[in-house]
Amino acid sequence: TTYHERIVVEVTSSPSVSIIEVETVSPIGLRKSEVTQLSELQWYINVTWTPTMSQFGQLFIFCYRATDSTGLSTEQRCITLLPGADAPQVVPNSATPNLKVSPNNRIWEVQFDREFTRPLASHYIRFFQEDGIEVHRIDVAISPNVIYPRESSGRTLRILSSYPLSRSNSYYILLDSGVVVSKDTRVESVAVNDPYFWRVTISKMEVASRFGNVFGGTPIVVTLEDDCLEEDYEIICTLADKSTEGLYIDSRRAVCPSPPMRRTGYVPFDFYVSNGTTTIYHGGSRYQALFLEDRSDITILNGNNEEVVLFDKNDQITIRWPRDIVPYVDADSYRVDLISYIQDLQTGEWVEYEFLARDAPNSGNFNAIISDFKDLPSNVNSVVPVLFQVATQLSFKGQTTYPPVYSKWSLTIYIEFNDSKLSCEEWLSSEDPSIGNRLLQQLPPCPRTLVQANLVNSGFDRDIIHPLFLEFYHSKSQVCFRQRNVQIGGPGQECCYDNNGNLKFGSPNGGNVDKVAPVNQFLSLDHFVQDILPFIYCCKISRSQPSDCQRFYQWRPSDDGSRYNPPLPACVYGDPHLVTLDGYKYTFNGKGEYLLIETDDGSFTLQGRMEEANSINNGTSAQATVFTALVAKDDDSDTVQFQLLKTLIPIVDGEEVYFDGIDVAVLNNVTVRKKGEGSYSAAFTSGASLEVVQEFDSNGK
């Protein structure tokens with residue numbers, strides 16, 4: 001066996017500097033060539049070694065260090081050689097994706113023929129454009145984005161790269177020798193220098209549905225730029241770590257149902273197409289799982305044909321749903337199941353309660369009587385949160401590995417199954433009478449007007465709630481707001497406003513404090529038991545009296561806004577004028593990037609970019625600059641950027657955020673909202689917030 005290797009040294013100081021020597025410490029018999037120039041800044045030597053029979057089975061150390069024409073030397077690097085031991089090699093055709101990928105593809109994987117681990121010395125995974133120019137490299141020794149197997153039997157190397165790939169371009173990936181080392185012998189892997197081994201072409205992917213119900217079943221329609229799909233290909237969609245099988249629509253389109261998620265918020269979305277042996281296409285995006293209490297695909301009606309929130313155990317219910325559960329598939333070609341779920345008030349989990357129908361016609365309408373439902377478990381309250389699901393399972397290939405269940409979901413309704421086990425009076429007597437005032441004093445006061453509540457620095461966010469529930473909880477209110485930053489399990493403030501934008505307070509329909517505030521709009525168990533259930537007992541069930549509701553508001557009082565003082569924000573506007581946090585005003589026309597705000601402890605930073613005004617409006621030259629980008633981040637949050645191109649674009653961690661049919665994006669410790677056309681806000685859990693509005697000149701540019 002003969003070892004051949006090329007050692008490349010790159011000069012980073014000046015083209016006038018050259019490499020004059022590469023010193024080596026090597027086993028007997030290893031030969032090296034003269035230093036030769038490879039490019040303007042790169043030099044190399046070739047090393048060759050044919051071990052003798054007596055050297056087989058022994059460990060040898062090979063070290064090298066380069067010296068340039070100014071006398072400067074690199075650090076010494078060393079590798080281990082074990083003659084007679086096989087080096088890890090890449091498995092042929094194992095690199096994925098290897099044909100077409102979306103521009104924002106993040107995940108790359110390749111398999112080796114034996115178990116391996118991370119090397120100690122620097123070796124690189126290199127990305128090249130089709131013309132041979134290296135555009136990106138990752139040092140496997142130190143990068144956390146190169147993931148090595150945790151299990152002893154793992155043989156897959158995973159690479160996470162956020163490098164932006166350009167559309168209509170082709171790339172190839174090369175691996176240095178030694179990007180992995182054998183787990184047992186520490187022998188370095190063989191290099192991959194073939195530009196055709198791992199080669200991809202960029203093809204755009206559009207995702208039509210970027211958000212859906214956290215319980216799953218939302219159809220996610222994917223459209224590709226090129227003809228990549230065939231009927232017998234395997235199509236898999238993965239959200240976080242859960243996968244579902246996709247349906248082939250045509251050569252460029254497929255649809256997958258979202259799987260049930262354990263939490264709300266953004267998760268990675270990956271789309272895979274395989275012919276059984278090779279990944280034909282891989283695209284990445286984001287998907288937002290929500291507890292959608294502001295909209296519903298299913299309508300639940302009572303016996304009077306009314307859409308209500310609270311049902312009696314003797315009510316007849318009518319369930320109606322749109323028949324197009326699966327896009328692009330004939331609604332008459334599949335049948336449905338109708339299932340109800342109740343929230344277990346011991347665990348908070350939603351559990352299957354009643355299977356109303358199996359394999360029923362997809363008619364869009366179903367009638368049932370609540371009293372025919374089976375008995376409730378003995379450990380639940382008499383008023384129970386209930387969800388309804390209309391579901392169908394369509395598997396194009398008849399597989400069950402990733403069961404593709406498409407669903408429509410109702411709003412959460414409440415059913416009073418039995419006479420109350422807990423009356424309003426009993427609840428009132430179980431609570432400390434002073435709790436209302438104590439909660440008010442520890443929570444921020446309500447803004448006095450809707451205009452003040454809508455300000456990004458008010459500390460409150462608009463409650464995402466269906467009009468039906470808004471009328472149930474706070475009749476004749478235009479909108480309610482909830483305190484922005486609350487701790488899980490902690491109290492929270494709620495403020496409601498009438499049609500004139502004035503704060504409403506007091507019984508029977510003002511806002512009120514919550515002993516346990518809802519988090520991320522999810523119907524938490526403690527919030528239901530401590531706040532919603534008492535409200536229903538005291539203000540909504542047939543036995544409740546007006547005086548009961550008034551007493552409820554003493555225990556869960558409204559804030560009247562008398563303590564509220566509007567905060568004074570810092571701002572920038574125009575060409576540009578600036579107002580600091582302490583109210584100082586000045587004008588500054590500077591082209592460049594600037595640090596606008598930084599806290600003393602570095603926990604929050606805001607940066608801005610200023611450009612000449614005419615470079616944005618494509619008009620005549622103006623002696624002024626304008627802000628074209630703002631970037632903000634706190635200690636534990638995603639990085640939020642607002643970039644002005646032709647329109648204002650929100651970008652999170654380098655990826656554009658889309659607001660198709662929704663105006664809120666719940667991200668990692670920051671919530672981004674679309675407040676109108678060209679208007680966005682970002683509220684961080686640390687308490688910092690900003691609002692960005694695109695300004696137009698007199699010509700509308």
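Tutor: Helices (H or I, at least four residues) and strands (E, at least two) are DSSP runs, numbered from the N terminus. The model is predicted: local features need pLDDT of at least 70, side-chain atom pairs count only at pLDDT 80 or more, and totals for chains, interfaces and linings use all residues. Residues are numbered from 1 along each chain as its sequence is written, and side-chain values use heavy atoms, without hydrogens or water.

Student: In which helix is Glu-425 found?

Tutor: Look at residues 424-430. That stretch is a helix, and Glu-425 is part of it. The helix is α1.

Student: Is Glu-425 buried, partly exposed or exposed?

Tutor: Buried means under 20% relative accessible area, exposed over 50%, partly exposed in between (1.4 Å probe, protein chains only). Glu-425 has a relative accessible area of 43%. Therefore Glu-425 is partly exposed.

Student: How far apart in space are Glu-425 and Gly-590?

Tutor: In sequence, 165 residues separate Glu-425 and Gly-590. In space, the C-alpha to C-alpha distance is 66 Å.

Student: Which are the edge strands of the open sheet of six strands?

Tutor: Strands pair if DSSP finds at least two bridges between them. The order of this open sheet is β43-β44-β45-β46-β47-β48, with antiparallel pairing. An edge strand here pairs on one side only. That describes β43 (592-598) and β48 (655-656).

Student: Which residue in β47 stands opposite Gln-643?

Tutor: Strand β46 covers residues 640-644 and strand β47 covers residues 648-652. The two are antiparallel, with five bridges. In β47, the residue opposite Gln-643 is Ile-649.

Student: How far apart are the end C-alpha atoms of helix α5?

Tutor: Helix α5 runs over residues 525-540, 16 residues in total. The expected span is 1.5 Å times one less than the number of residues. A straight helix would reach 22 Å. The ends of α5 fall short of that, at only 20 Å.

Student: At which residue of α5 does the kink lie?

Tutor: The bend at a residue is the angle between axes fitted to the seven residues ending there and the seven starting there. In α5 the kink is about 35 degrees. It comes shortly before the proline Pro-534, at Ile-532.

Student: How many of the 16 residues of α5 are buried?

Tutor: The buried set includes Phe-528, Ile-532, Pro-534, Tyr-537 and Cys-539. Helix α5 is largely enclosed by the rest of the structure, because its buried residues number twelve.

Student: Which residues touch the most other members of the largest nonpolar core?

Tutor: A nonpolar core is a set of buried Ala, Val, Leu, Ile, Met, Phe, Trp, Tyr and Cys residues joined through side-chain atoms within 4.5 Å. The largest has 32 residues.

Student: How many disulfides does the structure hold?

Tutor: A disulfide is a pair of cysteine sulfur atoms within 2.5 Å. With the bonded cysteines numbered in sequence order, the pairing reads 1-2, 3-4, 5-10, 6-8, 7-9, 11-12. The count of disulfides is six.

Student: Which cysteine does a disulfide join to Cys-63?

Tutor: The S to S distance is 2.0 Å, and the link is right-handed, with 110 degrees about the S-S bond. Cys-63 lies in strand β6 (residues 60-68) and its partner in strand β7 (residues 77-81), so parts 15 residues apart in sequence are tied together. Cys-63 is buried at 7% relative accessible area. The partner, partly exposed at 33%, is Cys-78.

Student: What is the relative accessibility of Cys-496?

Tutor: Cys-496 is joined to Cys-480 by a disulfide with S to S 2.0 Å. Cys-480 counts as buried at 2% relative accessibility. Cys-496 counts as buried too, at 0%.

Student: In which helix does Cys-549 lie?

Tutor: A disulfide of S to S 2.1 Å joins Cys-549 to Cys-539. Cys-539 is in helix α5, so the pair ties together parts ten residues apart in sequence.

Student: How far is the sulfur of Cys-228 from the closest cysteine sulfur?

Tutor: Cys-228 is buried, at 5% relative accessible area. The closest cysteine sulfur is in Cys-237. That is too far for a bond, because the distance is 14 Å.
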